[in-house]
Amino acid sequence: MSNQLCALSEVKLGQKALVESFTDYEISLKLLEMGCIPGETVEVIRVAPLGDPIAIAVSGYMLSLRKDEASSIRVRTSF
Amino acid sequence: MERRIKIALVGNPNSGKSTVFNELTGLHQKIANFPGVTVEQHTGKCTIKGDDGSIVQAEIIDLPGTYSLYPKSPEEELPFRLLCNPDHAMHPDLVIVVADGTNLKRNLFLSSQVIDLNIPVILAINMMDMVRSSGAEINFKELEKRMGARVVPMTARKGEGLKELKAAIAEVDRPAGKQHLDSRSMAPQVVDAIRKNLHVNSDYNAFLVANNLHLIETGEMSDEHRTAILDLTKHNAFDAQQLQARETLERYKLISNYLQECVREKTRPIQQSYSYKIDSLLTHRIWGYVIFLAVLFIIFQSIFTWASLPMELIDEGFNWLNSKVQSTLPPGILNDLLVGGVLAGINGIVVFIPQIALLFFFIAILEDTGYMSRVSFLMDRLMRGFGLNGKSLIPLMSGVACAVPALLSTRTIRNRKERMITLMVTPLMSCSARLPVYTLLVALVIPGDRLAGFSLQGIVMMLLYLIGFIAALGAAWVMKNLLKSTERSYYVMELPMYRLPRWKTIGLHIIEKVRIFLFDAGKIILAISIILWMLSSFGPGDSFQRIEQKYANAAIQKNIPVEAFEHDIQSEKLEQSYAGHLGHIIEPVIRPIGYDWKIGIALITSFAAREVFVGTMSTIYSVGDQRAAQRTLKEKLMAERNPITGGPRYTLAVGLSLLLFYAFAMQCMSTLATVYRETKHIKYPLIQLFYMSGLAYLSGLIAYQLLKP
């Protein structure tokens with residue numbers, strides 16, 4: 001099984017991933033306080049009809065964020 | 001012994017904080033299941049009697065929901081300002097942190113921050129019914145020990161745990177002294193300097209102040225101190241963002257450890273939750289939009305159809321009252337003032353209560369259930385194209401009820417440009433004050449036919465609301481291209497679990513809103529009605545006497561009783577009255593859009609508040625009308641003739657021109673005042689006044705010129 005790093009925005013619907021790091025400081029601060037922290041498992045559970053924003057399951061609740069915000073989250077898939 | 005204390009309620013959005021507030025104070029406010037609807041700070045009082053005869057008088061403030069003490073949007077600044085400044089007038093003696101028990105990790109994060117401020121804290125773990133049904137178990141004794149604060153489990157919406165919370169309020173009077181995080185070690189020099197120079201409660205308090213220096217106002221800190229602290233932060237390489245990230249990570253690590261000791265959870269995938277299943281339909285790529293449009297359609301249809309019977313009853317009741325007054329009191333000026341001024345004015349206010357109540361009822365349900373945040377999720381991509389944010393949809397939708405609270409709810413939008421644009425375009429949404437105007441005019445010029453089983457008038461009403469929305473998007477798009485901004489746009493938002501609406505709260509909310517309309521708007525409408533009656537019942541100099549003289553002479557000449565000329569006398573008097581003169585002055589400007597001087601009077605009076613239009617029309621058309629009491633305003637307007645064409649005055653062209661004018665014109669003093677307060681610049685309300693009024697005139701002009709016979 002491959003173990004690869006990518007941006008959360010590339011993770012497909014229904015796929016799980018492990019948060020590794022952030023590439024954007026400003027947005028990371030907001031995501032961190034919402035419980036989206038490195039080591040946490042996230043799962044893409046919904047994509048808005050127009051492809052953007054997406055909704056993820058994190059820390060036991062549903063969080064919606066835009067694709068470009070998701071692209072600042074580096075995640076590890078197939079762990 | 002009596003003790004007076006100040007309590008602040010703090011918590012994540014959707015933690016049920018406002019429900020706790022309502023249960024404690026019995027003073028009701030709007031509570032909505034969307035991040036940050038509690039924008040106006042509601043305060044209330046609560047008296048707690050102890051078993052030992054002691055009494056605690058608590059003044060409670062409900063702070064906007066927030067995820068941390070670092071403000072990320074204008075509305076999140078308030079918790080920081082209040083809690084981090086011990087000299088603030090509303091700095092609390094006790095904080096109740098309301099935490100959602102089904103999401104303890106994120107909720108305890110904020111709780112631990114508040115506890116580190118060294119203020120007395122009660123931790124209310126809410127929604128215990130849902131915790132229990134999920135099969136989770138919380139060891140409250142252990143949690144209390146770990147958190148260092150009194151813990152009260154509750155289910156606020158069922159009133160469970162309320163007694164225990166009140167008892168805790170009476171008992172907790174000092175901070176537990178617990179420090180979760182050693183924030184001093186992250187920036188010792190800066191924290192020490194602030195503790196020395198500024199009144200703060202704890203190391204963490206000082207740390208937060210250093211991190212948000214730009215939010216500390218001049219009155220709270222001298223320039224010397226500010227410069228000194230700024231120098232220190234520079235000297236010590238105090239990187240606010242990096243330290244905030246570090247604090248957040250360490251805090252979450254702590255909380256995770258606590259939770260392992262205190263909570264046994266059965267983790268269930270979100271996909272099994274009922275909210276996820278409902279979302280499969282409500283955010284579906286086709287059904288999501290179909291349902292959203294259907295919801296809007298049903299709302300407007302019901303407003304129009306359900307409200308019509310009570311409205312007719314109110315109108316008939318007033319007609320009966322009018323004829324009673326007219327026949328009981330001796331004829332004369334008092335009789336005229338009561339029927340033509342006072343009663344006509346009150347009728348014009350009361351008749352719209354059914355529709356306004358229904359509108360607020362539907363908006364409250366959409367917010368309270370959590371559906372509104374799904375609507376932003378569906379619409380964000382679209383809204384972004386217009387320089388707006390998915391979150392802009394909440395102000396826009398609430399703007400259908402009233403622009404003033406809607407403008408306040410823009411505070412959840414973090415990006416300044418998006419927030420400004422939302423502020424500028426929200427008043428284009430058709431608010432409930434336009435409803436009376438629409439109702440009257442639609443009933444007047446649109447036939448009462450049915451189209452595929454739906455009321456044609458209802459469909460036109462919905463189109464009017466749609467036009468307002470489209471105009472708002474168009475204006476937003478123009479402003480998006482005019483305004484410059486380098487600031488990032490920002491969305492990240494929780495999708496809360498769906499909940500059943502809290503009927504009691506919604507009911508009280510409607511009563512509150514109707515009362516505001518009845519008394520606040522009603523006062524203005526009534527006052528203007530009476531002034532208007534005076535302006536239209538009297539004229540300058542002896543003009544009225546001359547008219548009477550003229551017709552008296554004519555009557556003698558033609559040898560018929562002067563009463564035969566009554567209608568001509570009255571309409572000539574109105575034209576020669578003060579109001580008539582005013583109307584004539586602006587007539588040249590409004591003639592191209594199809595209005596005469598009578599409508600001109602209504603335009604002038606509705607400048608301050610558009611709902612005055614109907615009252616004005618009913619006063620103008622009651623003055624001197626002998627059959628005034630027996631005819632409704634609609635009947636009077638239908639009978640009105642255009643002296644030039646000889647046909648009806650209110651043709652489709654005039655009606656549509658008026659409808660469009662009222663849809664777009666900025667005719668609300670309160671809105672302008674609120675925009676000024678929110679933007680802190682006179683430029684914005686002025687631009688708003690001119691662009692909206694220009695749009696109104698232009699669209700009225702186009703409609704009238706295209707449609708006029």
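**View 1. Salt bridges in the whole structure, with one example inside chain A.** In this predicted model, a search over all chains finds 34 salt bridges. One of them joins the side chains of Glu20(A) and Arg76(A), with an N to O distance of 2.9 Å. Where do these two residues lie? Glu20(A) belongs to strand β2 (residues 16-22) of chain A and Arg76(A) to strand β6 (residues 73-77) of chain A, so their pairing ties together parts that are 56 residues apart in sequence.

**View 2. The fold of chain A.** Along its principal axes, the C-alpha trace of chain A spans about 30 × 30 × 20 Å.

**View 3. Where chain A meets chain B.** Here 36 residues of chain A are in contact with 46 residues of chain B. Together the two chains bury about 3800 Å², and 59% of that area is on carbon and sulfur atoms. Which three residues supply more of the area that chain A buries against chain B than any other three? They are Glu33(A), Met62(A) and Arg66(A), which supply 21% of it.

View 4. Five salt bridges are counted between chain A and chain B. Look for Arg384(B), which forms a salt bridge with Asp52(A); their closest N and O atoms are 2.8 Å apart. On the side of chain A that touches chain B, the elements giving two or more residues are α1 (25-33), β3 (41-47), β4 (54-58), β5 (61-65) and α2 (67-70). The largest share comes from α1(A), with eight residues. Sorted by class, this side of chain A has 21 nonpolar, four polar and 11 charged residues.

View 5. To finish, find β5(A) beside strand β11 (residues 493-495) of chain B: the two pair in the antiparallel sense over three bridges. Which residue of β11(B) stands opposite Leu63(A)? Opposite Leu63(A) you will find Glu494(B).

Note on methods: Residues are numbered from 1 along each chain as its sequence is written. Chains are lettered from A and ligands numbered from 1 in the order in which they are written. This is a predicted model: local features need pLDDT of at least 70, side-chain atom pairs count only at pLDDT 80 or more; totals for chains, interfaces and linings use all residues. Side-chain values use heavy atoms; hydrogens and water are left out. Contact means heavy atoms within 4.5 Å. Buried area is the accessible area (1.4 Å probe) that two parts lose on being put together, summed over both. A salt bridge is a side-chain nitrogen of Lys or Arg within 4 Å of a carboxyl oxygen of Asp or Glu. Helices (H or I, at least four residues) and strands (E, at least two) are DSSP runs, numbered from the N terminus. Ala, Val, Leu, Ile, Met, Phe, Trp, Tyr, Cys and Pro count as nonpolar, Asp, Glu, Lys and Arg as charged, and the others, Gly among them, as polar. Two strands pair if DSSP finds at least two bridges between them.
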